[in-house]
Amino acid sequence: MEKELKDLIVELSSIMRSGSDPLAVQLEPRLSRLRQLIKKSLQFKHIELDMEALYNFAILVYSQSKFLRDKSSVLYVDPFLIRLAVMGSSTERLADAFLQSWRPSTGRDVLSLEMMRRSYEYWSNLKDYTIGAEETEPLLGESLESLGVTYDELISEEMLRLHEELQNRGGRLLYEELLGEGSLNERLRRAVLISFMLSYGYAVVEKEPLKRRFWIVAKEGATKGRPTEAESIITIVS
Amino acid sequence: MESSGLPAKIRRAAQLLFFKSHRIPGVKGWELKRSLGSGYSRVMKMLRSQIEPLGMTIKAVGDDGAELSLDTPEDTLSTARFVLVLTDPLKVSDAKTSGWSIDELAGLTICLATIGSRGDKAARSEVEETLRQKFPKWKVRNFLSKYIKWGYLEEEGDSLLLGWRARVEIDTRSLLRYVFGA
């Protein structure tokens with residue numbers, strides 16, 4: 001009996017949550033069932049569940065009443081007609097409909113004492129993050145040359161080797177995979193080479209925005225020696 | 001309320017309304033009463049008359065989302081939220097400057113019209129399906145999470161409802177009228 005009552009409560013509340021047409025629900029058979037269950041036991045826990053089921057019935061009846069009221073009002077708009085109107089309108093016209101009925105609220109964010117206290121707590125609780133001295137040393141030198149990379153190298157052997165590596169590894173790799181797991185110095189060097197490889201059209205980037213992933217895809221027949229400026233190097237895949 | 005303190009109270013009311021101190025903009029009636037004392041609705045009306053020439057007004061919105069007149073008794077206004085809103089519609093270029101894209105505006109129109117036509121509550125699947133008529137799937141998910149984050153929509157189980165911001169900023173009836181006229 002307890003299970004039956006609980007099932008009934010779950011069923012009624014799920015109907016309410018779904019937002020579906022409340023008039024499509026057949027109340028009479030469910031109410032008859034509840035009436036029978038109420039007669040079966042006078043235990044407190046069962047009466048408690050009876051009350052909860054009745055409460056859900058009351059909410060459902062209220063929704064039916066509200067639905068009828070809305071539907072009978074002169075302002076009622078059939079959802080099907082809305083869908084038709086949406087399908088028949090351009091995005092520009094829909095945007096214009098919004099702008100005509102939108103009166104945005106205004107205001108300025110202001111830094112309060114409470115916000116300052118919260119930000120102090122946040123920064124105070126952050127873990128220390130430092131890069132080891134030997135890893136930071138090369139960064140203090142003269143830009144790319146400090147990494148042991150010269151411009152000539154970038155557009156010739158090194159970049160071609162990386163392009164070949166990418167092709168040998170299936171022609172499509174995640175950016176992080178191509179970057180490798182070497183030292184910071186090595187990864188920086190490969191990052192620079194990848195960016196030149198992309199600029200010179202030896203590869204393209206495929207972006208997966210939902211998964212926040214970037215794929216580097218090797219490209220055949222690249223324009224060697226000069227960047228492919230006119231062409232977008234990023235494509236988005238769903 | 002003494003007339004001598006009125007200009008100071010109007011300045012204080014402007015501070016409370018202009019500067020956002022909560023996640024949701026605006027100030028509750030009881031907060032105004034605590035800061036300005038009884039008769040705060042009169043201060044609000046005077047402030048309104050000063051800011052209206054600048055294209056802004058003060059809107060009092062009840063818990064149920066209905067707009068209340070500033071002449072309503074203060075007991076009733078105590079739980080209402082007072083918000084500053086613009087009085088004139090924005091142009092597409094203004095909205096773009098504020099960071100909105102045409103697709104985002106159109107997507108929100110579709111959501112609000114669908115939910116409005118269902119009595120302010122609609123199944124999420126239905127809203128998604130209607131949006132899919134115009135936008136790819138990944139964009140639909142992206143839009144819905146943005147609208148919920150910005151307060152235009154609210155989630156309740158598998159349903160979507162009008163959020164506090166939609167109730168304050170958007171005249172749903174006129175939106176539906178414009179959608180049919182669009």
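This is a predicted model: local features need pLDDT of at least 70, side-chain atom pairs count only at pLDDT 80 or more; totals for chains, interfaces and linings use all residues.
Residues are numbered from 1 along each chain as its sequence is written, and chains are lettered from A and ligands numbered from 1 in the order in which they are written.

**Overall**
- Chain B has 10 helices and eight strands (DSSP runs numbered from the N terminus: H or I of at least four residues for helices, E of at least two for strands).
- Of its 182 residues, 36% count as buried, meaning that 20 or more other C-beta atoms, placed from the backbone, lie within 10 Å of the residue's own.

**The sheet**
- Four strands of chain B make an open, antiparallel sheet in the order β2-β5-β3-β4; strands pair if DSSP finds at least two bridges between them.
- At the edges sit β2 (27-28) and β4 (67-68) of chain B, each pairing on one side only.
- Strands β3 (residues 56-61) and β5 (residues 81-86) of chain B run antiparallel and share six bridges.
- B:Thr57 has B:Val85 in β5(B) as its bridge partner.

- In chain B, the axes of α6 (residues 102-117) and α7 (residues 124-131) come within 10 Å and cross at roughly 140° (axes are lines fitted to C-alpha atoms over the stretch in contact, with angles from 0 to 180 degrees between N-to-C directions).
- The contact involves, among others, B:Ile110 and B:Cys111 of α6(B) and B:Val127 and B:Leu131 of α7(B); residues are in contact if their C-beta atoms, placed from the backbone, lie within 7 Å.

Note on methods. A residue is buried if 20 or more other C-beta atoms lie within 10 Å of its own, exposed if 12 or fewer, and partly exposed in between; C-beta atoms are placed from the backbone. Two residues are in contact if their C-beta atoms, placed from the backbone, lie within 7 Å.
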